[in-house]
Amino acid sequence: QEDTLRGPQLIQVSLKTLGRFLCLILEDYERKSRNEQATNQDFLRLLNGKSNEVQVVPKVKLEVTKIEKSNEWMASTTQSLTSLIPNLKSLRSSQYRDIRYEFAVLSFNLLNKCLINVHPFSRFLLENLIASCDDSDEKVRNYSKKSLAKLRENISNLSQEITELFNAHLI
């Protein structure tokens, strides 16, 4: 019985790890798919954990290293993932809430942080979030709805596609 409980936990942790790893290698560091650019004020808000007030943090030193990936490498990676990611579809209907939740988190993070690099399978990720809005569990449902709202807000060119897919899902 102990092994039966560990199986879903292993899948959940693996899915979380995959999502974080993919975000690290595919993230749109130049923010090409965003409407706005982050400012120093935004960074200070994050450091302080406050959204309304900005306070200066003493002795903060930032060293940003530019990560460059060749276009060929990114195209090859994206092509490989285009055939891999749809194979995860069965996780959307897992009987375990935590697995469905992590799959929704993976979908949101890839769309929100890596849209320009995951474009070939962005429709699949969007469909996953939309389907998760009807999940039987409130935690998954609420997360998916909030994620779609954030995507509409953050990435204006995705708003129309979200609306179209959502309407198609309702039919």
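**Contacts, core, pocket and salt bridges**

Leaving aside neighbours within four places in sequence, Gln12 touches Asp98, Ile99 and Glu102, where contact means heavy atoms within 4.5 Å. The model is predicted, so local features need pLDDT of at least 70 and side-chain atom pairs count only at pLDDT 80 or more, while totals for chains, interfaces and linings use all residues. Residues are numbered from 1 along each chain as its sequence is written, and side-chain values use heavy atoms, with hydrogens and water left out.

Gln12 itself sits in helix α1, residues 2–26; helices (H or I, at least four residues) are DSSP runs, numbered from the N terminus.

In one, the side chains of Lys16 and Glu102 pair up at 3.9 Å, N to O. This joins distant parts of the chain, with Lys16 in α1 and Glu102 in α4, 86 residues apart. Glu102 is buried, at a relative accessible area of 7%, whereas Lys16 is partly exposed at 34%; buried means under 20% relative accessible area, exposed over 50%, and partly exposed in between (1.4 Å probe, protein chains only).

Asp135 and Arg100 form a salt bridge too, at 2.6 Å from N to O. Here the loop between α5 and α6, which holds Asp135, is tied to helix α4, which holds Arg100, across 35 residues of chain. Asp135 counts as buried at 9% relative accessibility, and Arg100 is buried with a relative accessible area of 9%. A further salt bridge runs between Arg123 and Glu127, with the closest N and O atoms 3.6 Å apart. Both of these residues lie in helix α5, four residues apart, or about one turn of the helix. Arg123 is partly exposed at 45%, and Glu127 is partly exposed at 32%. In general, side chains of opposite charge can pair when their charged atoms come close.

Lys16 and Glu102 turn up again in the lining of the second largest pocket, along with residues including Leu15, Gly19, Arg20, Val105 and Lys113. A pocket, on a 1 Å grid over the protein atoms alone, is an open set of points where a 1.4 Å probe fits, with protein on both sides within 12 Å along at least five of seven lines; lining residues have an atom within 4 Å of a point. This pocket holds about 170 Å³ of space, the volume being the space filled by probe spheres set on the points, which are joined across faces, edges and corners. Helices α1 and α4 (97–114) each supply at least two lining residues, and α1 has the largest share, with six.

Then there is the largest nonpolar core, a group of 34 residues in which Leu26, Ile85, Leu110 and Leu125 have the most contacts. Such a core is a set of buried Ala, Val, Leu, Ile, Met, Phe, Trp, Tyr and Cys residues joined through side-chain atoms within 4.5 Å. Helix α4 gives the most to this core, with 10 residues. Beyond its neighbours within four places in sequence, Ile85 is in contact with Leu22, Phe121, Phe124 and Leu125.

Technical notes. Salt bridge = Lys/Arg side-chain N within 4 Å of Asp/Glu carboxyl O.
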